[in-house]
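Visitor: I would like to go through this model with someone who has the computed values at hand. Can we take it one point at a time?

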Amino acid sequence: MSEKPTKEKTADLGDLLAEPRVGQLPAVTRGPIPVVQALTVGANQQTPAVGQRVTRLDIRTHVTGSTRYIDDLAFPGMLHVKILRSTQAHARILSIDTTAARAMPGVVATLTGDEIPENSFGSSYQDQPVLAVDRVRHQGDGLVAIAAETEQQASDALAAVKVTYEPLPALFDPLEAIRPDAPKIHRDNNVYASKVIIRGDVEKGFAESDQIFERRYRTQMIEHVPMEPFAAIALWEPDGQLHVYSSNGRITLGRADLARTLQMPMNRIRVTATFIGGNFGGKNEIRTEPILALLAKKTRQPVKATFNREDEFIASTTRHPIIMDYKTGVADDGHLIARSVRLVLDGGAYASWSETTVGKAAILAAGPYRIPNVHVEGHAVYTNKTVTGAMRGFGAPQVAFAYESQMDEIANTLGMDPLAIRLLNGFSEGSISHTGQVLQAVALEETLLTAAKRSGWMEEGT
Amino acid sequence: MHQVEMMVNGQVRRAEVPAETTLLSVLRETWGLTGSKLGCDVGDCGACTVLVDGLSVNACLLLAVQVDGQEVLTIEGMGGFDYLHPIQAAFERLSSIQCGFCAPGIVISAKALIDKNPHPTEQEIREALAGNLCRCTGYTKIIEGIAEACRAPAITDGISVTESGHV
Ligand code: FES
Ligand code: FES
């Protein structure tokens, strides 16, 4: 064995790996981080940061396994919390009995929704209970939280909670849910967010078109599946301040939601964001934080809840499935003349970020194409399914799938190259978007041509 | 309760655990080795990958008692902040990792591969990572990183640990 490095830790390493080290090994250093020029650039200019290789500032702790994510944190006396979730998609709760659960080994406290000062939260509308009290609206709704000395004890105690339900008719199809006679999931209308965009006269446009293309497209529900499940820890500081650690990606909003649900002044609440092991939009609102705050208060101990993979699937949010009806009128030469789109977003049991999603989906639904006559309407609809909310693109990928599929169909029918029809109709510098924005720095044509070239699209025989 | 004893990263560790305790939970909770991650708890994601007697395994699927008397290598045994394994160094150079949650398991799987096969093909690298999910990166730079690590002199000379300068 050659000379040991001086650091304690490295000396350990040499021994434990018990592998021969010969000669002078190549040094690995972090190297200087490339200087990125100031990002103030003129209109339509590329920033100098693009194309530079930059070393991530946090990567060394990541690759050595020393980054501390929330589940790597523990506090003395910390209890573990598990949440009992509804077995019903839609039901009235007749009774919740926690007597037996409280007598289970290791159980320190339980919490139900009626103990939460303001039992509702939500990013657009506060329509979601932290723990359901009188009604469950999907299978992931939490009913009872149990704090125990170990996670296993908390899980075991969930089985001892007795809940009785009176099932209600459940809705799983948003098209059924928008019918006037459908059972209502919240108030008097299952449609809870809409967006309409009108430009020109779409009926006139269809009348002037040579051909009309109509098709329905659907996308499925998608869970973000971050590698790190959602987790939070709550404890009360000696001065009475609430301190919450959370893998929530929007702690400022989380703090406001905590203040609201706990009916506490915001300046008595401190939220610490931890490193996040993947978010993708699924960690953008509070989940268990108010529950943990109250259980920590009850037990006078720090409490932690880490979602297991099942919680992550049923009790976080997902990407909206959208039913998309497209109708496009074109001239025989391939010019788009009119497009109408109806989007029905499966909003799941609670609003979450649906209002934002329906807006963005509608704004982008006609695609990056010059179309003089456009009518888009989007509706987010309650169903008794997993909550749909923010996920990368907020509705944009769904509509892109629909309008690009339709572009291909049009090109095929007209005998045009799919690239040619996009170049013919695509936005260019100064184009006006469907919502009236004058577009700058438009690189659509350049992007399409580069992609076509690099993929060999324009080569003979491909 | 059961007594377990194993050699973890070259150090003898002992614990008394209930029978249902997994290797992952004894590593993380009893011994504070939190580098190995819990992603799924059912053997799907590979975030908990460690080496047991040189074989890569999912620590969430093994009970601690099954590993009694064996040798375990976790990410904590692979290199530190100023002492990187070539795989870690290559991941850093290429920014192969984003959120980092999958990294400990992937580094361990890559080590298991390189220890057996220091000159893997791209296909062999892909197969070695079949049990590791990464939700952020799309894998491209992880695969490039492992290939690049295999070209590091330390690996081509059959040595598995590289010394780095201070940061
Ligand atoms: S946590 Fe072990 S494979 Fe996912
Ligand atoms: S870097 Fe986030 S899961 Fe791999």
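The questions below cover confidence, aromatic pairs, charges over rings, cysteines, helices and backbone angles.

Visitor: What ipTM does the predictor give the complex?
Guide: This is a predicted model, and confidence comes from the predictor. Chain A averages a pLDDT of 91, with 89% of its residues at 70 or above. Chain B also averages a pLDDT of 91, and 92% of its residues score at least 70. For the complex the pTM is 0.90 and the ipTM is 0.93.

Visitor: Over which residues of chain B does pLDDT stay under 50?
Guide: Where pLDDT is low, the predicted coordinates should not be read in detail. The stretch in chain B has 43 contacts in the model beyond four places in sequence. That stretch is residues 159-167 of chain B.

Visitor: How many aromatic pairs are found over all chains, and what is the angle between the planes of A:Tyr192 and A:Tyr382?
Guide: The search of the whole structure finds ten aromatic pairs. A:Tyr192 and A:Tyr382 form one of them, with ring centres 4.0 Å apart. Planes under 30 degrees apart count as stacked, and this pair is stacked, at 20°.

Visitor: Why is the pair of A:Tyr217 and A:Phe401 classed as it is?
Guide: The centres of the two rings are 6.1 Å apart, and the cut-off for a pair is 6.5 Å. Planes over 60 degrees apart count as edge-to-face. The planes of A:Tyr217 and A:Phe401 stand at 85°, so the class is edge-to-face.

Visitor: Which of its two residues is buried and which is partly exposed?
Guide: A:Tyr217 lies in strand S8 and A:Phe401 in helix H11, so the pair ties together parts of chain A that are 184 residues apart in sequence. A relative accessible area under 20% counts as buried. A:Tyr217, at 6%, is buried, while A:Phe401, at 42%, is partly exposed.

Visitor: Which residue of chain B belongs to an aromatic cluster with A:Tyr69?
Guide: The cluster has members from chain A and chain B. From chain A it takes A:Tyr69 and A:Phe275. From chain B it takes B:Phe101.

Visitor: How far is the charged end of A:Lys327 from the centre of the ring it sits over?
Guide: The charged end of A:Lys297 sits over the ring of A:Trp236, 4.6 Å from its centre. For A:Lys327 the ring is that of A:Phe206. There the distance to the centre is 4.4 Å.

Visitor: How many disulfides are counted over all chains?
Guide: A disulfide is a covalent bond between the sulfur atoms of two cysteines. Among the cysteines, B:Cys45 is buried at 5% relative accessibility, and B:Cys136 is buried at 18%. The count of disulfides over all chains is zero.

Visitor: What span should helix H7 of chain A have?
Guide: H7 covers residues 251-262, twelve residues, at 1.5 Å a residue. Its buried residues include A:Gly254, A:Leu258 and A:Leu262, and what covers the buried residues includes strand S11, strand S12 and helix H8 of chain A.

Visitor: Which helix does the buried part of helix H10 of chain A pack against?
Guide: The buried residues of H10 include A:Thr357, A:Val358 and A:Ala361. They pack against strands S7, S15, S16 and S17 of chain A. The helix they pack against is H11.

Visitor: What is the phi of B:Asn9?
Guide: Most residues other than glycine have a negative phi. A:Val225, in the loop between strands S9 and S10 of chain A, has a positive phi near 45°. B:Asn9 lies in the loop between strands S1 and S2 of chain B and is buried at 11%. Its phi is also positive, near 50°.

Notes:
Residues are numbered from 1 along each chain as its sequence is written. Chains are lettered from A and ligands numbered from 1 in the order in which they are written. This is a predicted model: local features need pLDDT of at least 70, side-chain atom pairs count only at pLDDT 80 or more; totals for chains, interfaces and linings use all residues. Side-chain values use heavy atoms; hydrogens and water are left out. Rings of Phe, Tyr and Trp (its six-membered ring) pair if their centres lie within 6.5 Å; planes under 30 degrees apart count as stacked, over 60 as edge-to-face and the rest as tilted. Helices (H or I, at least four residues) and strands (E, at least two) are DSSP runs, numbered from the N terminus. Buried means under 20% relative accessible area, exposed over 50%, partly exposed in between (1.4 Å probe, protein chains only). A charge sits over a ring if NZ of Lys or CZ of Arg is within 6 Å of the ring centre and within 35 degrees of the ring normal. A disulfide is a pair of cysteine sulfur atoms within 2.5 Å. The expected span of a helix is 1.5 Å times one less than its number of residues. Contact means heavy atoms within 4.5 Å. pLDDT is the predictor's confidence in each residue, from 0 to 100.
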